[in-house]
Amino acid sequence: MKDTLKAKGKRQTGLQREYAFDYSKARPNRFAGKSLTETVVVMLDQDVSAVFKDVESVNAVLRGLIGSMPPLRKTGR
């Protein structure tokens, strides 16, 4: 769709009037960057997700597994 200039210098895009957005009245997103906790998304395979129905059950099993693992050693790399 070609843009054309009107007589007053405004750009006409061919969109209907109700779709015209006045960016001078826009405000920044007040919710952006306000995550209270750091979140990591992990994709589970179907067979695994069939066993774990909620976040709490996955976290409980992973915490139990972490508790049974030997402590990690830091390497000098």
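This is a predicted model: local features need pLDDT of at least 70, side-chain atom pairs count only at pLDDT 80 or more; totals for chains, interfaces and linings use all residues.

Colleague: Which residues line the second largest pocket?

Modeller: The lining consists of V40, V42, L44, F52, K53, D54, V55, V58, N59 and L62. By class, that lining has 7 nonpolar, 1 polar and 2 charged residues.

Colleague: How many helices and strands does the protein have?

Modeller: The protein has 2 helices and 2 strands. Along the sequence, the pattern reads β-β-α-α.

Colleague: Next, burial. What share of the 77 residues is buried?

Modeller: Buried residues account for 1% of the 77.

Colleague: Which residues form a nonpolar patch on the surface?

Modeller: V40, V42, L44 and V48 form one. Together they have about 350 Å² of accessible area. V48 sits in helix α1, residues 46-51.

Colleague: Why does V48 count as partly exposed?

Modeller: Its relative accessibility is 31%. Partly exposed runs between the buried cut-off, under 20%, and the exposed one, over 50%. So V48 counts as partly exposed.

Colleague: Last topic, charges. How many salt bridges does a search of the whole structure find?

Modeller: Side chains of opposite charge can pair when their charged atoms come close. The search of this structure finds 1 salt bridge. The side chains of K25 and D22 meet in a salt bridge, at 4.0 Å from N to O.

Colleague: Is K25 buried or exposed? And what is the relative accessible area of D22?

Modeller: K25 is exposed, at 67% relative accessible area. D22 has 39%, so D22 is partly exposed.

Methods:
Residues are numbered from 1 along each chain as its sequence is written. Side-chain values use heavy atoms; hydrogens and water are left out. On a 1 Å grid over the protein atoms alone, a cavity is a set of points where a 1.4 Å probe fits but cannot get out, and a pocket is an open set with protein on both sides within 12 Å along at least five of seven lines; lining residues have an atom within 4 Å of a point. Ala, Val, Leu, Ile, Met, Phe, Trp, Tyr, Cys and Pro count as nonpolar, Asp, Glu, Lys and Arg as charged, and the others, Gly among them, as polar. Helices (H or I, at least four residues) and strands (E, at least two) are DSSP runs, numbered from the N terminus. Buried means under 20% relative accessible area, exposed over 50%, partly exposed in between (1.4 Å probe, protein chains only). Patches are made of residues with over 30% relative accessible area and no salt bridge: like charges are joined within 9 Å, nonpolar side chains (Val, Leu, Ile, Met, Phe, Trp, Tyr) within 5 Å. Accessible areas come from the Shrake-Rupley method with a 1.4 Å probe; for residues, only the protein chains shown count as cover.
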